[in-house]
Amino acid sequence: MSDDPMCAPEPTGYLRLFTIREFRAVFLAHAFSLLGVVVSEVALTVLVYGLTGSPLLSALTFALGMLPYLVGGTLLSGIADRYPPRRVLVVCDVVCAGCAALMALPATPVFGLLALRCAIAVVSPVFNGTRMATLPDILGDGDLFVLGRSLLRIVSQSSVLVGFGLGGVLLTVVSPRGALVITVCTFAASALLLRCGTRRRPARGGVGSALMKYSLSGAGRVLGDRRIRALLLLLWAPPMFMVAPEALAAPYADQIGVGVAGVGLLMCALPVGTITAELYAGSALSAATRARIALPLASFTLLPLTVYAVTPGLVWAMLALALAGAGSAYTLGVDRWFVDAVPQELRGRAMTVHTAGLMTIQGVGMALAGLAAEFFAVSTVVTASGVLGTVCCLALAAEVRATHRTADGEPAKPREQATELRDGADHHVTGG
């Protein structure tokens, strides 16, 4: 009887996602887009440095991949709700492919390379926000959505570990401009997958006002809602403080005398902890359990950074960073609350604001950590990040908990508890 196909166990955990055809297309498109971004960043850094010999301009290629998120995420967020999502995703990929193609042209000057990199960064939050807003349409707004968000985030974290290494190896085979041609192909492949592998869905919002006014009004509604604002800040705060040890990995390695190899190990520890914890939480824990541990994890995820107060050696610092990264599994619970709190017609703009804010706040965190390290020891700066971050997260967790309460002061029943009973049926509802 065990050989009967009808008796085969149904997929569980993350495997459930791949029973849904549309998600498979989104997942592969995400992987191709990430590959294109990573290859372009490595190739552009090498290309700009080769053309100018300037470390500042070379480093600026990375900064321009982060800073314009705020512009695209606020002024253009309305695109995610005003137009059909599949069209937005495909057009964004085509625009990025076009920018990469122009970068690959030998006649493109350094200023043009940086401007085109900036253009891709402006488009990115619109693309990412639209994709996030489309996931509930594909997976439902139950546990499958949480797992889908988690898996895409895991792929992004994994790209940090292997992407730059692969980009470096690629540049030993092809020229930087040749690598940019590969970027064009990855963005084109992503566009094709999304066009052919996902359904056409109508736009969520109306067409009454001008785009910028529509975008800004949506951002105002998102940040003006106490519940949504609290959840956004809780999703943003830990990453802002957690980038400090990554941004200061090189000077800390110098401080404890572990050399260049130690820099790579310190930078890998956080994403390793994040990936491991998210895989475990998504595979082994129920939605109700993830909801119960979300606020405690968010409150204390930065506490391991305080071990830097004793200037730990490489092994202990890596363990502390991996443990801090593991606390990021709180996002599986908060993601669910966030999508529940945002009205359907506002979802695209809310997700775009979330993406833009997350990238911007990490850039601010890196800049502040670097500035502080000019005046204090790196170990002191990272310790302060752990302490200040923990205080902020405790306050935000209290605010999120307060927004669960009714007008009478009684705890409101979280939607995730009400929907837990149907989590097992999600794949039947959305997979057809």
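Author: First, a term: buried means under 20% relative accessible area, exposed over 50%, and partly exposed in between, using a 1.4 Å probe and protein chains only. This is a predicted model, so local features need pLDDT of at least 70 and side-chain atom pairs count only at pLDDT 80 or more, while totals for chains, interfaces and linings use all residues. Residues are numbered from 1 along each chain as its sequence is written, and side-chain values use heavy atoms, with hydrogens and water left out.

The structure holds 10 salt bridges, each a side-chain nitrogen of Lys or Arg within 4 Å of a carboxyl oxygen of Asp or Glu. Now for your spot: Arg149, Arg153, Glu278 and Asp335 are linked in a salt-bridge network. Arg153 pairs with Glu278, their closest N and O atoms being 2.8 Å apart. That pair links distant parts of the chain, with Arg153 in helix H7 (residues 143-170) and Glu278 in helix H12 (residues 259-284), 125 residues apart; helices are DSSP runs (H or I, at least four residues), numbered from the N terminus. Arg153 also meets Asp335 in a salt bridge, 2.9 Å from N to O. Here the partners sit 182 residues apart, Asp335 being in helix H15 (residues 331-341).

Another pair is Arg201 with Glu22, at 2.8 Å from N to O. Arg201 lies in the loop between helix H8 (176-197) and helix H9 (211-224) and Glu22 in helix H1 (residues 21-52), so the pair ties together parts 179 residues apart in sequence. Both Arg201 and Glu22 are buried.

Notes
Helices (H or I, at least four residues) and strands (E, at least two) are DSSP runs, numbered from the N terminus.
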